[in-house]
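Q: I want to learn how to read side-chain features from a model. Can we work through a case?

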Amino acid sequence: MQFWIIQGLNSLSLGGLLFLLASGFSLIFGLMRLANLTHGAFFMLGTYFAATALRSFEKLDIWVTAIGAGILVAAIGGLFERLVLRRLKTNPLGQVLVTLGMSFIISDACLMLWGGDSIPVPTPRNLQAPTRLLGFVFPTYRLVLVGCAVAVALALYFLLERTRLGAMIRAGVDDGQMARAVGIPVSNLFTIVFCLGAGIAGAGGALGGPILSAYPGLDADMLPLALIVVILGGIGSLLGAFIGSFIIGFIYTFGTALFPELAYIILFLPMIFVIAFRPQGLFGRIAA
């Protein structure tokens, strides 16, 4: 019983972390129809920024650090979209290849700046004490991370469903040509959404640092999980990204614990079935 409860709570924390990664990826993919292969590198950048800041300033709060990392990564993403991706807007394959190349550049830059050793990110002192739940002991920070994922999901829902900006984003997703015809600046929305997605990934990397640490190859470890979540949940669907993240969190955690030699097979099987029988994803819509 202890094994199942502990692994279940681990699955929830991993699902929350995956949502912080996949929600931004889903937004960018949904509006721009761009598989942003730099997204894992943005996540890794946020982790390295948090590790550097928290190790340099002991009194710095991780929540402030996450916001700062998100803003820095969002700025980098905005410059990348404006200076590079904007010039390739009529060449989708070129955009994908450029994002792949940019991920390699960021990965090598991180290796050059921070070295090849793993850099631990300290857990906030007020969250280091474990939580006792029904006689079981569980790290408090992992539970707080789940709460952060839920808060981000609610904030994104409010942004997309209850604001004018969200209405324009949804219009751009549903019919970009008609949105341009009625005066919606879709090109500017691309930049805003790209910055938002990159910023969420950077902040997610900072918040995930105490669990994952900052190390070379973190981008390559996290990007496939984001791709699986988006395909499983549905492109451009916030609800799909949220539910898909926790589904993959449970599959990956229990698959690794019970069948470590088959972990990746178990992880990719749901995506294969979804592609075969429901190509638009669990909560995606078929494009008109």
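This is a predicted model: local features need pLDDT of at least 70, side-chain atom pairs count only at pLDDT 80 or more; totals for chains, interfaces and linings use all residues.

Q: Is Phe 242 buried, partly exposed or exposed?
A: Phe 242 is partly exposed, at a relative accessible area of 23%. Phe 242 and Phe 246 both sit in helix α10. They are 4 residues apart, about one turn of the helix.

Q: How is a pair of aromatic rings described?
A: Two values do it: the distance of the centres and the angle of the planes. This structure holds 11 aromatic pairs. One of them joins Trp 4 and Phe 254.

Q: Which helices hold Trp 4 and Phe 254?
A: Trp 4 belongs to helix α1, Phe 254 to helix α10 (residues 238–258). The pair therefore ties together parts 250 residues apart in sequence. Trp 4 is partly exposed at 49% relative accessible area, whereas Phe 254 counts as buried at 15%. Trp 4, Phe 250 and Phe 254 also form one aromatic cluster.

Q: What type of pair do Phe 242 and Phe 246 form?
A: Edge-to-face, because the planes stand at 65° and the cut-off for that class is over 60 degrees. The ring centres are 5.0 Å apart.

Q: How many disulfides does a search of the whole structure find?
A: The search finds 0. Take Cys 110: the closest cysteine sulfur, in Cys 195, is 19 Å away, which is too far for a bond. A disulfide needs the sulfur atoms within 2.5 Å. Cys 110 is buried, with 2% relative accessible area. Cys 195 is partly exposed, at 22%.

Q: Where is Leu 88, and what does it contact?
A: Leu 88 lies in the loop between α3 (62–83) and α4. Set aside neighbours within four places in sequence, and Leu 88 is in contact with Gly 94, Gln 95 and Val 98. The C-alpha atoms of Leu 88 and Val 98 are 9.1 Å apart, for a separation of 10 residues along the chain. Leu 88 counts as partly exposed, at 22% relative accessibility.

Q: What about the second largest pocket: how much space lies in it?
A: About 460 Å³. It is lined by 20 residues, and Leu 31, Met 32, Lys 89, Arg 180 and Phe 190 are the closest to its centre. The lining divides into 7 nonpolar, 6 polar and 7 charged residues. Helices α1, α4, α6, α7 and α8 each supply at least two residues of that lining.

Methods
Residues are numbered from 1 along each chain as its sequence is written. Side-chain values use heavy atoms; hydrogens and water are left out. On a 1 Å grid over the protein atoms alone, a cavity is a set of points where a 1.4 Å probe fits but cannot get out, and a pocket is an open set with protein on both sides within 12 Å along at least five of seven lines; lining residues have an atom within 4 Å of a point. Grid points are joined across faces, edges and corners, and a volume is the space filled by probe spheres set on the points. Ala, Val, Leu, Ile, Met, Phe, Trp, Tyr, Cys and Pro count as nonpolar, Asp, Glu, Lys and Arg as charged, and the others, Gly among them, as polar. Buried means under 20% relative accessible area, exposed over 50%, partly exposed in between (1.4 Å probe, protein chains only). Contact means heavy atoms within 4.5 Å. Rings of Phe, Tyr and Trp (its six-membered ring) pair if their centres lie within 6.5 Å; planes under 30 degrees apart count as stacked, over 60 as edge-to-face and the rest as tilted.
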